[in-house]
Amino acid sequence: MKNKNINALVVEGGAMRGIFAAGVLDSFLMENFNPFDMCIGVSAGATTLSGYLSNMYERNMNVYTKYSTREEFINIKRFLQGGDLLDLDWLWDISIKELELDIETIINYKGKYLVGVTNIKTGKIEYIEPTINNISKVVKASSAIPVVYRSPIEIDGVKYADGGIADPIPVKSAYDRGANNIMVIRSRP
């Protein structure tokens, strides 16, 4: 039996549906609401959690509305010619350049921040706690949907892809880590 309340926030993936979580997390920021001991995100959920944990109001909304809709990111012609349908490298680079994440604030978060990634070799979910040295790769790997982004992301010699493949809503992972109060942000019932 658990004797301490551990509050967890779980944010699902879902590509562009992540704009819903972005709005919810912006509301949390407006109210200075962060009672969470642990935050777990996969895919788009990991990205939106990064903006939330860096206390950057409307950052995620801007990424979705100003960058994710551009031809540099989604390009069917490039995809049909053998490239990526979704250019995560471009999206990450431009959004960091123009809406730089406060990575130190994320790393210094009082609780645990875990990003779910799918191990390409095993097909199983792994949760990585980002560091200053790997946060870019970890968050990008969590959103690297196979086929539409053709190259798995390598972290410490292991190749990873979208975390939502192996664990789209990581509630059990939060529970297994001791959380007994779990809030889930989903865009669908």
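Because the model is predicted, local features need pLDDT of at least 70 and side-chain atom pairs count only at pLDDT 80 or more, while totals for chains, interfaces and linings use all residues. Residues are numbered from 1 along each chain as its sequence is written, and side-chain values use heavy atoms, with hydrogens and water left out.

Rolling a probe the size of a water molecule over the atoms shows where empty space is left. Here the search runs on a 1 Å grid over the protein atoms alone: a cavity is a set of points where a 1.4 Å probe fits but cannot get out, and a pocket is an open set with protein on both sides within 12 Å along at least five of seven lines. Lining residues have an atom within 4 Å of a point. Grid points are joined across faces, edges and corners, and a volume is the space filled by probe spheres set on the points.

The largest pocket holds about 360 Å³ of space. Its lining has 21 residues, and the closest to the pocket centre are Thr 47, Phe 73, Leu 88, Leu 91 and Ser 143. Helices H2, H3, H5 (88–98) and H7 (135–142) each give two or more residues to this lining, with the largest share, four residues, coming from H5. Helices (H or I, at least four residues) and strands (E, at least two) are DSSP runs, numbered from the N terminus. By class, the lining has 13 nonpolar, five polar and three charged residues. Ala, Val, Leu, Ile, Met, Phe, Trp, Tyr, Cys and Pro count as nonpolar, Asp, Glu, Lys and Arg as charged, and the others, Gly among them, as polar.

The second largest pocket has a volume of about 160 Å³. Phe 28, Leu 29, Asn 32, Phe 33, Asn 34, Tyr 52, Leu 53, Asn 55, Thr 105 and Tyr 109 line this pocket. The elements that give two or more residues to the lining are H1 and H2. Six of the lining residues are nonpolar and four are polar, with no charged residues.

H1 also takes part in the one cavity of 30 Å³ or more that the structure holds. The volume of this cavity is about 30 Å³, and Glu 12, Gly 13, Arg 17, Gly 18, Phe 20, Ala 21, Ile 185, Arg 186 and Ser 187 line it. H1 (residues 18–30) gives the most to the lining, with three residues. The lining divides into three nonpolar, three polar and three charged residues.

What span should the 13 residues of H1 have? The expected span of a helix is 1.5 Å times one less than its number of residues. For H1 this comes to 18 Å, and the end C-alpha atoms are 18 Å apart, which agrees. The buried residues of H1 (under 20% relative accessible area, where exposed is over 50% and partly exposed is in between, with a 1.4 Å probe and protein chains only) are Gly 18, Ala 21, Ala 22, Leu 25, Asp 26, Phe 28 and Leu 29. Seen down the axis, these residues fall within an arc of 155°, so they line one face of the helix; the arc is that of the directions from the helix axis to the C-beta atoms. An α-helix has 3.6 residues a turn, so residues three or four places apart point the same way. The buried residues of H1 pack against strand S1 (7–11), H2 (44–53), H3 (59–67) and strand S7 (181–185), where contact means heavy atoms within 4.5 Å.

H2 is mostly covered, with nine of its ten residues buried. Just after H2 comes Asn 55, with a positive phi of about 60° although it is not a glycine. Asn 55 lies in the loop between H2 and H3 and is exposed, at a relative accessible area of 53%. H1 is likewise followed by a residue of positive phi, Asn 32, near 55°.

Two further residues link parts of the chain. Gly 116, in strand S3 (residues 112–119), is buried at 0% relative accessibility. Its C-alpha atom is 4.7 Å from that of Gly 163, 47 residues apart along the chain. Pro 168 is in the loop between strand S6 (158–162) and helix H8 (171–176), and is partly exposed, at 46%. Leaving aside neighbours within four places in sequence, Pro 168 is in contact with Glu 12, Gly 13 and Val 42.
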